[in-house]
Amino acid sequence: MPIDATLPYDDQNIFAKILRGEIPNNTVYEDEWALAFRDINPQAPVHVLVIPRGAYVSWDDFSANGSDSEIAGFVRAVGKVARDLDLVESGYRLLANIGIDSHQEVPHLHVHLFGGKPLGPMLAR
Ligand code: AMP
């Protein structure tokens, strides 16, 4: 079910549980600001989710309410994950779903990082 990204943060969401170590994940990178792990249902040879450590529902919430340090740390982490996975030369795609029309399902900001093959058109027609 898509979530309403204007609702308050729910600390029982699955990515909050991953951040607290309550459920396992396949980590590819972590630092003070971000955690990156493999998507459980990959849509490309490389499909990684990068999430901020802070409690933000969506890109909208984060861009409005995140501190400069959190935003800088998160954006740098996303770029570092792609470099660490050797995706810069071949190219990759970033995607963030925000709210109902985008079909966001998990109410903790996550950026999808796709790569490892030609990714085709940006949106299904
Ligand atoms: P979105 O539709 O943008 O909210 O995407 C949520 C993503 O989270 C989907 O691609 C799911 O496959 C992924 N996902 C859900 N639960 C987990 C989990 N426990 N570990 C890794 N990825 C997950």
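Which residue has a polar backbone atom 3.1 Å from an oxygen atom of the ligand? That residue is Val 106, in a predicted model where local features need pLDDT of at least 70 and side-chain atom pairs count only at pLDDT 80 or more, while totals for chains, interfaces and linings use all residues. Residues are numbered from 1 along each chain as its sequence is written, and side-chain values use heavy atoms, with hydrogens and water left out.

**Ligand contacts**
- The ligand is surrounded by 16 residues, the closest being Asp 39, Asn 97, Glu 105, His 110 and His 112, where a residue is near if one of its heavy atoms lies within 4 Å.
- An N or O atom in the side chain of His 110 lies 2.8 Å from an oxygen atom of the ligand, and a backbone N or O atom of Ile 40 is 3.1 Å from a nitrogen atom of the ligand.

**Make-up of the shell**
- Seven nonpolar, six polar and three charged residues make up the shell around the ligand; Ala, Val, Leu, Ile, Met, Phe, Trp, Tyr, Cys and Pro count as nonpolar, Asp, Glu, Lys and Arg as charged, and the others, Gly among them, as polar.
- Helix H1 (14–19) and strand S2 (34–38) each supply at least two residues of this shell, and H1 gives the largest share, three residues.

**Fold**
- The protein has three helices and five strands, which are DSSP runs numbered from the N terminus (helices H or I, at least four residues; strands E, at least two).
- Along the sequence these elements follow the pattern α-β-β-β-α-α-β-β.
- The C-alpha atoms fill a box of roughly 40 × 35 × 30 Å, taken along the principal axes.

Methods
A polar contact is a pair of N or O atoms within 3.5 Å; within protein, one must be able to donate a hydrogen and the other to accept it, and residues adjacent in sequence count only if both atoms are side-chain atoms.
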